Amino acid sequence: MYREIVEKLALWKKKADKQPLLITGAKSVGKTTAIKEFGQKYYKKLILVDLEKDKNNFIYRGELLRKKFDEEVKGYIGTDEKKEDILIVFDHFNIEKTGEYTAADILRFVVYNLMDYNICLITSFRIQKLCLSPGLLQKLDIYSVQPVSLKEFFIINNDRELLNAVEHHAEKELSTEMLEKIRLYIKVYFITGGMPKVVQTYMDTRNLEKVNEARTQVYQACLKEINSISDLKFRAKVHRIYSDVAAQLDSPEKSFQYGISAYFTGINDWYKALEWLEDRQMIFKVDALKEVKKPLKENKKNRGFKLYYQDIGMLTYAYNIQFADIVKTIYPYEFKHHALLEQFVLQQLLVSGIKDIPYYWTGSEKEPVEFIYEDEEEIVPVKINCEGKKEKVINEYQEKYHPKFFVTVTNDTFDIVKSVLKIPSFSLWNL
């Protein structure tokens, strides 16, 4: 299956100043599969060490010493193979101790002792959770793997002609036939989501019943991880938040408020449960802003945020939405108070390369600008505006913050009016 991350890693391999790789991304987004493909395609030898399952690995045995590491590597390679021809991958690198060593211990050993090796570490945890110092982070090349994007979905379906048309739709208007084809792709995408296992099932079988089974398995895998929590009370709290995401997005207000903390003994318990899910990237928290000023993280509200799943397939599964429900619509965006559209837009923004989880801002009449993120020197507001009836909050935002440009998400219209960029939802990865 085509994944854009493999191409990015191929460019990393050519870098004269490349550093050890740290690959992060939610569970089941295809991190290990992509790295295997990359290693097998661009290296003579791939050494894959599973830190979770293989207790007889490089790290567990003995001290972190360069000499011992060299000896271990010799056991994997032939006499004619050189270090530059080998990719060494440590999978399931996490916040728990590996043997006697913390994540920071292992990374310090890698960046200060093994720079002449090609090393990759794969984790499902947020980088922040690994407790790495800024100096250590600067000595790593960090890549994030997201669920399959709509762009990748076009390529997987061997429709590069349509992909090329979407990439250049600002120059040439899409035909009616192309728009109908795109809408069908989006309807399938909403069900397959972005998890490679589900997408691959669709490609292999074109059987929507089997696709639904694969979608169920991915959702159940998330629940299995939650059910592995030994503390029963804490487990129940984590499960409650994860289950509440769909209901929250289906409400007109959409934002989680502290009223739901009634089933917790205190707000600290609530935050710990939420953090557990965030750390594993099973949900994304989009914070509300009190003011839209740089840096955004210093201007977020103490209360008010929205939660989203890691991919839209999890959301359609939670709502029990089937392809038969979606295929009847012209635009499936109306489902559940635009919840599907918001999840879809967030997903496409994340694969477009924005560095951090975005924020949101609400105008004086409680109408939100759904996503706001920092892009180099600019703050970019993104308003979901498919009906074209929400100009008031756009005008209010522009008068107050004077953005260089304002992005509004449409059904299928591309246009630029003054500083407002109207862009179809299916083209957001072009941003």
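Predicted model: local features only at pLDDT ≥ 70, side-chain atom pairs only at ≥ 80, totals over all residues.
Colleague: How much space lies in the largest pocket?

Modeller: The largest pocket is lined by 43 residues, and those closest to its centre are Leu350, Ile354, Lys355, Asp356 and Ile357. By class, 20 of the lining residues are nonpolar, eight polar and 15 charged. The space in this pocket comes to about 1,700 Å³.

Colleague: Which element gives the largest share of the lining of the largest pocket?

Modeller: At least two lining residues each come from α1 (4–14), β5 (141–144), β6 (283–289), α15 (335–351) and β9 (368–375). The largest share is four residues, and the element that supplies them is β6.

Colleague: Which residues lie nearest the centre of the second largest pocket?

Modeller: The second largest pocket holds about 1,000 Å³ of space. Its lining divides into 12 nonpolar, 11 polar and 13 charged residues. Of the 36 lining residues, the ones nearest the centre are Lys27, Ser28, Lys31, His92 and Ser124.

Colleague: Which element contributes the largest share of the lining of the second largest pocket?

Modeller: Two or more lining residues come from each of α2 (31–42), β4 (118–123), α9 (196–205) and α10 (208–227). The largest share amounts to six residues and belongs to α2.

Colleague: Are α9 and α10 roughly parallel or antiparallel to each other?

Modeller: Their axes come within 9 Å and cross at roughly 165°. Angles over 145 degrees count as roughly antiparallel. The α9 and α10 pair is therefore roughly antiparallel.

Colleague: Is the crossing of α9 and α10 left-handed or right-handed, and which residues make the contact?

Modeller: α9 passes α10 in a right-handed crossing. On the α9 side the contact is made by Lys197, Val198, Thr201, Tyr202 and Thr205. On the α10 side the residues are Lys210, Val211, Ala214, Arg215, Gln217 and Val218.

Colleague: How are the residues of the contact of α9 with α10 divided by class?

Modeller: Val198 of α9 and Val211 of α10 are among the residues in this contact. By class, the contact has five nonpolar, three polar and three charged residues.

Colleague: Are α7 and α8 roughly parallel or perpendicular to each other?

Modeller: Helix α7 (residues 160–167) packs on helix α8 (residues 176–192) at an angle of about 105°, with the axes 11 Å apart. Angles of 65 to 115 degrees count as roughly perpendicular. The α7 and α8 pair is therefore roughly perpendicular.

Colleague: How many residues of the contact of α7 with α8 are charged?

Modeller: Leu162, Ala165 and Val166 of α7 meet Met178, Lys181, Ile182 and Tyr185 of α8. Six of the contact residues are nonpolar and no residue is polar. The number of charged residues is one.

Terms used
Residues numbered from 1 in each chain as written. Heavy atoms only, no water. 1 Å grid on protein atoms, 1.4 Å probe; cavity = no way out; pocket = protein on both sides within 12 Å on 5 of 7 lines; lining within 4 Å. Points joined across faces, edges and corners; volume = space filled by probe spheres on them. Nonpolar A, V, L, I, M, F, W, Y, C, P; charged D, E, K, R; others polar. Axes fitted to C-alpha atoms, helices over the stretch in contact; angles between N-to-C directions. Parallel < 35°, antiparallel > 145°, perpendicular 65-115°, else oblique. Left-handed = near helix turned anticlockwise from the far one by under 90°. Contact = heavy atoms within 4.5 Å.
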